[in-house]
Amino acid sequence: MFAVVRPNVPFSQEAFSLFSQSLGVTIKAMTGIFVVILVFYILIVLLGKLTAGK
Amino acid sequence: MQELLLGLTSFTIKQIGMLLIAGVLIYLAVKKDYEPALLLPIGFGAILVNIPFSAAIDQIAANGEVQHGPLTMLFNAGILTELFPLLIFVAVGAMIDFTPLLQNPIMLLFGAAAQFGIFFTMAVATLFGYSLKEAASIGIIGAADGPTSIYVASQFAKELLGPISVAAYSYMSLVPIIQPPVIRALTTKSERKIKMEYKPQAVSRTAKVIFPIMVTLIAGIVAPTSVALIGFLMFGNLIRECGVLNKLSNAAQNELANLVTLLLGITIGSTMTADKFLSADTLLIIAMGLVAFIFDTAGGVVFAKVLNIFLKRKINPMIGAAGISAFPMSARVIHKMGQKEDPSNFLLMHAVSANVAGQIGSVIAGGLILALVK
C-alpha cells in the first residue's frame, strides 16, 4: 500500500538539522501543553466554586 | 491441481514470518490477555493479508485491472479518512469519568509532564533519518493512547501505521512491566512511601456538563487542528454527563466501541503485509516506542520530584508516572507499588486523577503535534 522511505541517512547532517528542528517543536509543544493544562486547572477551580451545589 | 497449489507454492519466507508474528499477537491476546480487543483482530488481519493473492486486499489481475479487497476498502474508508479513530474517541469519551480529576485538578499537571517521552522520542527518531512527520508519528506511540497514535500516524505517516499501532497497543498492555523499574530507578524508598491525604470534593452535575464543552473550546482555540480529536472525545463525555442521553451513552460505550474496535483492529492488521512490516524500520519503531513509554514515565516522576522542592505537602513522585494515558492500568500499577512499600498507603484515587489527566494530556499533545509539525 505504502512504502517506508527514510528520507535522510541516520546521523547525517540533514538528520541533525531535523533534530534541532524537533527540539524547537518539543519546546513549543511542551510549553503549549503546560499552558493549556494550567488554563484548564484555573477554569476547573473556578468552575468548582461557581457551580458548587448546583 | 497446479492452480490449487499456487497459493502454497507462492508463499514467501517473509509471509511465513508474518503468519508467525500474527500467531504471536493472537497468542498474547488469548493467553496473556494483552489488549485482546485490538491485538486479536490485528493478528487475524495480518493473517488475511499475508496469504498469497489474498482477496481481502486489493490485487492487480493479470489484465492490469484492480480487484478490490474489503480490507483495503475499510482502510480507505475508515483510516485514511480518520473516521475509525474519531469514532473510538466518542466511545472513549463516553467511558471516561472525569470526576476524580475535577475533585483534584492539580493532578492535571502530571497529564502534561508525562507527555515528555513523545517529544524526546520524536527528536531521537529524526537522528535515525526519519522526516519530522514520521518522527512525530513514532513519538506519539508515547501518548499511550491507541486512537491518538493512529489518528496522528494516519495524517503524517500512513506507511508506518502497522508498526506504530502494534507498538502502541502492545506497550499499553505492558505498562505493569515497563513502568515499575523506571519508577524504582528514579525514586528512593522513602519517596515511594510518601502518603497523600485524599479529600474528595463534591462535583456538581453542572461542572461535569460544562467541563467537556470548556475543554473543547480552549483546546480548539489553541490548536484548531485538534478540534476533531478532542471534540469527539469530549462529545462522548458530554453524552455521558448530560444525564438525558443515557441510551446514547450506553450505545457509545458498548455497541459503538465494540464495532469500531473490531473494524479498526482488523483494518490495522491489513497494513501488516510482509514486504512492509518485516523490515529494520519496524524493529526500530517498536524499540523507539519503548523509549517513548520509558521517558513518559520518567517525565512524570521527575516533574513530581521537582514540584516537591516547592511543596510543603509532598507528592508521592510515583503519581507522576500515572500521568500517561494508559487508563486504568497505570493508576493500578502505582497504587500496587505504593502498597508494596507500605500496605497502609492508598494512592489509588490520586493515581486515577493523574491517569485521567493523562488522557487529556495525550490528546492535547496529539493536537499540538498536528499543529506544530509542518
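K305(B) is partly exposed, at a relative accessible area of 27%; partly exposed falls between buried (under 20% relative accessible area) and exposed (over 50%), using a 1.4 Å probe and protein chains only. In this predicted model, local features need pLDDT of at least 70, side-chain atom pairs count only at pLDDT 80 or more, and totals for chains, interfaces and linings use all residues. Side-chain values use heavy atoms, without hydrogens and water.

K305(B) makes a salt bridge with E191(B), with 3.1 Å between the closest N and O atoms. A salt bridge is a side-chain nitrogen of Lys or Arg within 4 Å of a carboxyl oxygen of Asp or Glu. Because K305(B) sits in helix 18 (residues 280-310) of chain B and E191(B) in helix 13 (residues 189-192) of chain B, the pair ties together parts 114 residues apart in sequence. Helices are DSSP runs of H or I with at least four residues, numbered from the N terminus. E191(B) is buried, at 18% relative accessibility.

## A pair between loops

R313(B) and E197(B) also form a salt bridge, at 4.0 Å from N to O. R313(B) lies in the loop between helix 18 and helix 19 (318-321) of chain B, and E197(B) in the loop between helix 13 and helix 14 (205-222) of chain B, so this pair links parts 116 residues apart in sequence. Both R313(B) and E197(B) are exposed.

## Other salt bridges

R240(B) pairs with E241(B) in a salt bridge, the closest N and O atoms being 3.3 Å apart. R240(B) is partly exposed at 24% relative accessibility, while E241(B) is buried at 12%. K189(B), R192(B) and E341(B) are joined into one network by salt bridges that share partners. Over all chains, the count is seven salt bridges.

Note on methods: Residues numbered from 1 in each chain as written. Chains lettered and ligands numbered in written order. Helix = DSSP H or I, 4+ residues; strand = E, 2+ residues; numbered from the N terminus.
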